[in-house]
Amino acid sequence: MGGWGSGLKDSVFGYLYNDRDLDVSNGLCVGHNDPDLWFAGEVDRDGEVWSNARPEKSRLKLEIDKAVSALSVCSNCPAKVNCLELGMRGPQRYFGIYGGTMPGERLVMLGKSMRKATLANKLAFARKVRNAMRERGISG
Ligand code: SF4
C-alpha cells in the first residue's frame with residue numbers, strides 16, 4: 001500500500017480506507033512521536049470524540065497548539081500533494097489533518113455538507129488555528 005504517516009496510520013479511518021495509488025510514505029509525520037497532533041480538535045488521547053462539545057478554554061488552547069504543531073510539520077512535507085488528495089476522499093474528508101488542511105477547510109473546498117453544528121464547529125476550530133498561526137508568524 002501507499003505509506004501512511006504515523007498520524008494517518010493510527011487513525012481508525014486509515015484502516016477503513018487504504019488508498020494504494022497515493023503514496024505518502026515519505027511524509028514528515030511518519031514516525032512522529034505524537035500522531036494525535038494530526039487529529040487535533042477531533043479526538044482526545046483516550047479516543048473520546050469532542051468536536052461537538054464546547055471545550056473549556058484551556059482544552060481549546062491545547063487543541064489549537066496541537067493543530068499548529070501538525071500543520072507546521074505538514075508545511076514542508078514532500079508528500080503534501082498526495083496527502084491532500086487522500087484527505088479529499090472517503091471518510092478522511094471529515095476527520096484529521098491531511099496535506100496541511102483541516103477537515104473544516106476541506107469540506108468547504110469540496111462543498112460538502114454535514115450536520116450544521118458539526119461543520120460550524122470544524123470551521124470555527126480551523127479559523128482559530130489559522131489565526132493562531134498568523135499571530136505566531138507560522139506559515140502552513
Ligand atoms: S502533509 Fe502532513 S499529514 Fe500528510 S504526510 Fe505530510 S506531514 Fe503527514
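I began with Ala126, which sits in helix α6. The model I am reading is a predicted one.

Entry 1, Ala126. I looked up its burial. Ala126 has 21 other C-beta atoms within 10 Å, and the cut-off is 20 or more, so I put Ala126 down as buried. I then listed its contacts, leaving aside neighbours within four places in sequence: Met102, Gly104 and Glu105. I also checked Thr101, which lies 25 residues from Ala126 along the chain; the two C-alpha atoms are 8.7 Å apart.

Entry 2, α5 against α6. Two of those contacts of Ala126, Gly104 and Glu105, belong to the α5 side of the contact with α6. I noted that a pair of packed helices is described by the angle and the distance between their axes. For α5 (residues 103-110) and α6 (residues 116-136), the axes come within 7 Å and cross at roughly 115°. Which residues meet here? From α5 I wrote down Pro103, Gly104, Glu105 and Leu107; from α6, Leu119, Lys122, Leu123, Phe125 and Ala126. Sorted by class, the contact holds six nonpolar residues, one polar and two charged.

I counted six helices and zero strands. The chain has 140 residues, and 34% of them count as buried. I also looked at sequence separation. Taking contacts between residues at least 6 apart in sequence, I found that 55% join residues at least 24 apart.

In soluble globular proteins, nonpolar side chains tend to be buried together. I looked up the largest nonpolar core here and found 23 residues in it. The residues with the most contacts inside this core are Trp38, Ala67, Ala70, Leu71, Cys83, Ile97 and Val129. The elements giving two or more residues to the core are α3, α4 and α6. Of these, α3 gives the most, with six residues.

The buried residues in α3 are Glu63, Ile64, Lys66, Ala67, Val68, Ala70, Leu71 and Cys74. I noted that an α-helix has 3.6 residues a turn, so residues three or four places apart point the same way.

Beyond four places in sequence, Leu71 touches Ile97, Gly100, Met133 and Gly140. Where is Gly140? I found Gly140 in the segment after α6. With residues up to four places away not counted, Gly140 touches Leu71, Ser72, Cys74, Ser75, Gly100 and Met133. For Gly140 and Gly100, 40 residues apart in sequence, I read a C-alpha to C-alpha distance of 6.6 Å.

I listed the shell and got 17 residues around the ligand, the closest being Gly27, Cys29, Cys74, Cys77 and Cys83. The elements that give two or more residues to this shell are α3 (57-74) and α4 (80-87). By class, I have eleven nonpolar residues in the shell, five polar and one charged. Cys74 had already come up among the buried residues of α3, and Cys83 among the core residues with the most contacts.

Notes:
Residues are numbered from 1 along each chain as its sequence is written. This is a predicted model: local features need pLDDT of at least 70, side-chain atom pairs count only at pLDDT 80 or more; totals for chains, interfaces and linings use all residues. A residue is near a molecule or strand if its C-beta atom, placed from the backbone, lies within 6 Å of it. Helices (H or I, at least four residues) and strands (E, at least two) are DSSP runs, numbered from the N terminus. Ala, Val, Leu, Ile, Met, Phe, Trp, Tyr, Cys and Pro count as nonpolar, Asp, Glu, Lys and Arg as charged, and the others, Gly among them, as polar. Axes are lines fitted to C-alpha atoms, for helices over the stretch in contact, and angles run from 0 to 180 degrees between N-to-C directions. Two residues are in contact if their C-beta atoms, placed from the backbone, lie within 7 Å. A residue is buried if 20 or more other C-beta atoms lie within 10 Å of its own, exposed if 12 or fewer, and partly exposed in between; C-beta atoms are placed from the backbone. A nonpolar core is a set of buried Ala, Val, Leu, Ile, Met, Phe, Trp, Tyr and Cys residues joined through C-beta atoms within 7 Å.
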